[in-house]
Amino acid sequence: MNRCLIFSMLIILSVSLAGFKLDNAIVPKEEILSGGPPKDGIPALLEPKFVQPDQAKFLRPEDQVIGIKLKGEAKVYPIRILNWHEVVNDTVGGIPIAVTF
Amino acid sequence: MVYSRNVEGKLYTFGVSGRLYKSNVLLYDHQTESLWSQLKEMAIAGPLAGKRPEKLASDRTSWKAWKKEHPRTLILSTDTGHVRDYMVDPYEGYYRTLGIWFPVGKVRTDLSPKEMVLGIELSGKAKAYPISLLRKNPGVLRDKVGGKGIEIEISPDGEVAGVRDEQGQAIPSIFSYWFAWQAFHPETSVYKD
């Protein structure tokens with residue numbers, strides 16, 4: 001890829017950043033780029049529901065998960081689902097958490 | 001990575017901004033629309049710029065390994081309110097943060113850019129453990145990061161089953177591509193056999 005093409009690509013990407021205030025960015029603004037999908041194009045989960053292990057038939061033993069245990073409560077977030085949402089806003093053991101992928 | 005949503009006494013909820021920094025996802029909070037970098041672990045623009053959320057220890061492992069340790073675990077349901085085919089990987093054959101044609105600067109050549117690493121940061125020192133190396137050595141790997149002892153437990157079938165400090169307390173870690181980890185931790189060391 002030549003330099004000119006990369007430069008034009010960066011311009012196009014930067015223009016599509018309208019919407020978030022970047023004036024006080026603490027990293028170089030030109031390094032904040034559009035990733036393709038628009039804001040909320042990938043929908044974060046705000047009211048996640050949970051099932052018991054015997055109901056989790058969609059999971060295969062080798063499926064990758066992110067698990068967390070806080071104050072005695074264990075919850076697990078399959079990568080299969082995180083792939084499509086990237087963020088789950090939840091509460092575990094009374095502690096408000098964001099699971100990010 | 002898992003973060004507390006309580007930042008300096010205020011509660012936030014997070015969405016996906018559609019923006020990237022160094023090829024890594026930028027979240028935003030619905031309350032102030034500040035942008036938060038997942039791997040920089042900090043708000044980088046907006047009213048909360050400079051704030052750091054608390055990182056919480058979590059395990060990235062297989063369902064089998066997690067269920068064995070936590071038989072009463074709850075599992076995030078596929079009933080999410082969104083119509084998605086959760087049996088399909090939207091990023092199949094394609095790195096989810098869109099590959100490295102997005103600028104991440106010069107990539108250190110210690111490992112190949114898309115090699116998966118387990119990244120640990122302690123006392124300001126970062127260390128990357130190539131997953132392929134960990135998988136080959138089931139058992140407990142003892143090492144030091146930032147002068148502190150750590151243990152990485154690898155299950156008999158090669159899954160990362162836990163990352164702990166010397167007192168046995170779980171410590172935060174992340175699975176990441178090498179190029180992304182080194183972009184956010186330019187001084188990182190790399191574990192070798």
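This is a predicted model: local features need pLDDT of at least 70, side-chain atom pairs count only at pLDDT 80 or more; totals for chains, interfaces and linings use all residues.
Let me begin with chain B, where the centres of domain 1 and domain 2, taken over C-alpha atoms, are separated by 20 Å. The assignment for chain B places domain 1 at 2-56 and domain 2 at 63-190, with the bounds coming from an automatic or database domain assignment.

Residues are numbered from 1 along each chain as its sequence is written, chains are lettered from A and ligands numbered from 1 in the order in which they are written, and side-chain values use heavy atoms, with hydrogens and water left out.

Let me turn to strand S6 of chain A, residues 95-100, where five of the six residues are buried, buried being under 20% relative accessible area, exposed over 50% and partly exposed in between, with a 1.4 Å probe and protein chains only. Strands here are DSSP runs of E with at least two residues, and helices are runs of H or I with at least four, numbered from the N terminus. S6(A) pairs with strand S5 of chain A, residues 87-92, in the antiparallel sense over six bridges, where pairing requires that DSSP finds at least two bridges between two strands. Within this pair, A:Ala98 of S6(A) stands opposite A:Asn89, and in the hairpin, which has two residues between the strands, A:Gly93 takes a positive phi near 55°. S6(A) is also joined by three antiparallel bridges to strand S1 of chain B, residues 2-4, and there A:Val99 has B:Val2 as its bridge partner.

A cavity, on a 1 Å grid over the protein atoms alone, is a set of points where a 1.4 Å probe fits but cannot get out, whereas a pocket is an open set with protein on both sides within 12 Å along at least five of seven lines, and lining residues have an atom within 4 Å of a point. Grid points are joined across faces, edges and corners, and a volume is the space filled by probe spheres set on the points.

How many cavities of 30 Å³ or more does this rule give? The count comes to three. The largest cavity has a volume of about 80 Å³, and its lining includes A:Ala98, A:Thr100, B:Trp36 and B:Ser37. Two or more residues of that lining come from each of S6 of chain A and strand S6 (35-37) of chain B.

The second largest cavity holds about 50 Å³ and is lined by B:Asp59, B:Thr61, B:Ala65, B:Trp66, B:Glu69, B:His70 and B:Ala161. Helix H1 of chain B gives the largest share of this lining, three residues.

Of its 26 lining residues, the closest to its centre are B:Asp59, B:Glu69, B:His70, B:Ala161 and B:Gly162. H1(B) gives the most to this lining, with five residues.

Finally, there is an open sheet of three strands in chain B, with the order S13-S14-S15 and antiparallel pairing. S14(B) and S15(B) are joined by five bridges, and B:Ile152 has B:Val163 in S15(B) as its bridge partner.
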